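Please look over the sequence and the structure shown here.

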Amino acid sequence: MDFKMSPDVVELRDRVSRYMDDYIYPVEAEWIEGDVPRREEIYKDVQAKAKAQGLWAPHLPKEAGGMGIGFLKHAFINEILGRSLMAPRAMGAQAPDTGNSEILHQFGTEEQKKRWMVPLVNGDIRSCFSMTEPEVSGADPTSLQTRAVRDGDEWVINGHKWFTSGAIGAAFAIVMCNTDPDAEPHRRMSQIIVPIDTPGLDIVRPVPVMGDTEGDHCEIYYRDVRVPVTSVLGEVGDGFRIAQRRLGPGRIHHCMRWLGQAQRAFELMVDRALKREVFGGLLADKQTVQNWIADSAAEIQASRLLTMHAAHKIDQGDEARVEVSIIKFFGAKVLHDVIDRAIQVHGAMGVSGDTPLESMYRHARPARIYDGPDEVHRMVVARRVLRSFKNGAGWDFAA
Ligand SMILES: Cc1cc2nc3c(=O)[nH]c(=O)nc-3n(C[C@H](O)[C@H](O)[C@H](O)COP(=O)(O)OP(=O)(O)OC[C@H]3O[C@@H](n4cnc5c(N)ncnc54)[C@H](O)[C@@H]3O)c2cc1C
């Protein structure tokens with residue numbers, strides 16, 4: 001076991017750090033304050049710089065237009081770009097486009113790749129993923145109600161979705177539809193590509209969401225939306241299989257970025273503790289604050305190692321279901337707790353807009369819900385552990 005970073009990873013991290021120092025941090029405050037048109041201008045500028053430096057689409061293999069660095073190296077640089085909420089899109093690595101480009105690359109036909117994946121990876125268009133519905137549980141998506149019925153050469157889609165992130169301004173949605181209610185639960189769903197301007201696709205509203213800076217988690221009605229049968233991604237009935245391939249890596253992408261957020265909050269906390277005097281001494285000299293620093297250091301490093309381990313296993317071709325679920329619920333809690341402590345150390349300043357902490361805190365809370373709530377990930381881990389014990393295999397962490 002070697003925890004040392006290879007020279008090419010060190011070099012890559014240096015390049016990403018320089019890019020962040022030179023182009024992201026200087027415009028970050030303006031981006032947070034800016035309206036949508038101003039933000040788009042800022043993105044255009046920083047995206048062009050990322051492309052010019054070969055720092056584009058780190059999540060994708062070269063043949064799909066990405067950097068081709070694999071999962072583990074991606075994790076190492078994502079913890080740097082995750083420090084700023086605007087950086088992922090600046091480097092062409094913004095959810096849900098990341099997941100959508102990955103599944104288009106893995107399951108798309110040549111035609112689908114040409115029409116949707118190539119411009120998506122290039123940053124010329126954006127996309128969204130439309131699965132969750134208000135009427136039924138998103139944590140248990142076997143009960144999703146949106147139906148796609150075949151009519152000649154077309155699918156006709158009817159349903160009601162919400163929390164479709166990024167729908168406003170997207171060129172297309174990948175919609176999770178029930179194509180066969182009589183099939184066994186995990187073969188009922190298919191993923192269908194729907195151009196956002198298709199008649200019958202009605203974006204009702206962006207649902208107001210805490211931490212949301214772009215107002216884009218949308219409620220959508222699909223009413224007799226017609227698309228060609230060739231719009232199915234993969235095979236009919238493959239919806240869950242593809243979702244699993246999308247969500248596993250997607251969750252890790254989040255965890256990698258959370259490391260950057262937690263690290264940045266940690267640095268702000270320590271810096272403040274070393275400067276602020278209370279009751280005749282520095283905050284850094286108070287044991288409570290020292291406990292927060294020590295706990296945060298331990299939790300961030302535990303989170304890092306769990307994330308790197310899961311990324312390493314994915315690079316070896318493993319789905320890493322248990323590892324991904326562990327880091328999803330553990331990482332979300334660490335993210336929240338570290339930012340919370342950093343805010344507390346800053347006092348009133350911590351809840352003001354004068355540091356990035358309050359925006360980071362609002363973003364951290366939904367992390368315990370999206371891409372599967374904490375409880376579902378704990379359930380996945382516990383079930384597998386219990387099954388293994390029942391089979392007499394126990395659970396060997398070293399293995
Ligand atoms: C910011 C944000 C962005 C999102 N973006 C998208 C998107 O782009 N596309 C999309 O399709 N969806 C998106 N979602 C939706 C998200 O994936 C769902 O909210 C999530 O899957 C949970 O589904 P639900 O909200 O229906 O909660 P429910 O399924 O109703 O669950 C409610 C609560 O029940 C509890 N629970 C559930 N299962 C169990 C269990 N087995 N044991 C114990 N407790 C349990 C959990 O505490 C859970 O929070 C987004 C959500 C957020 C907050």
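Which residue in β4 is the bridge partner of F129? It is I174. This is a predicted model, in which local features need pLDDT of at least 70, side-chain atom pairs count only at pLDDT 80 or more, and totals for chains, interfaces and linings use all residues. Residues are numbered from 1 along each chain as its sequence is written.

Strand β4 covers residues 172–178; strands (E, at least two residues) and helices (H or I, at least four) are DSSP runs, numbered from the N terminus. β4 pairs with β1 in the parallel sense over four bridges, where pairing requires that DSSP finds at least two bridges between two strands. With strand β5 (residues 189–195), β4 pairs in the antiparallel sense over seven bridges, and the bridge partner of C177 in β5 is S190.

In a regular strand the side chains alternate between the two faces of the sheet. On one side of β4, F172, I174, M176 and N178 are buried, and on the other A173, V175 and C177 are buried too. A residue is buried if 20 or more other C-beta atoms, placed from the backbone, lie within 10 Å of its own.

Leaving aside neighbours within four places in sequence, A342 is in contact (C-beta atoms, placed from the backbone, within 7 Å) with A265, F266, L268, M269, G350 and L357.

Around the ligand there are 22 residues, of which M131, S137, G138, A139 and S165 come nearest; a residue counts as near if its C-beta atom, placed from the backbone, lies within 6 Å. Elements that give two or more residues to this shell are β1 (127–130), β3 (154–165) and α11 (374–390).

Methods: Two residues are in contact if their C-beta atoms, placed from the backbone, lie within 7 Å. A residue is buried if 20 or more other C-beta atoms lie within 10 Å of its own, exposed if 12 or fewer, and partly exposed in between; C-beta atoms are placed from the backbone.
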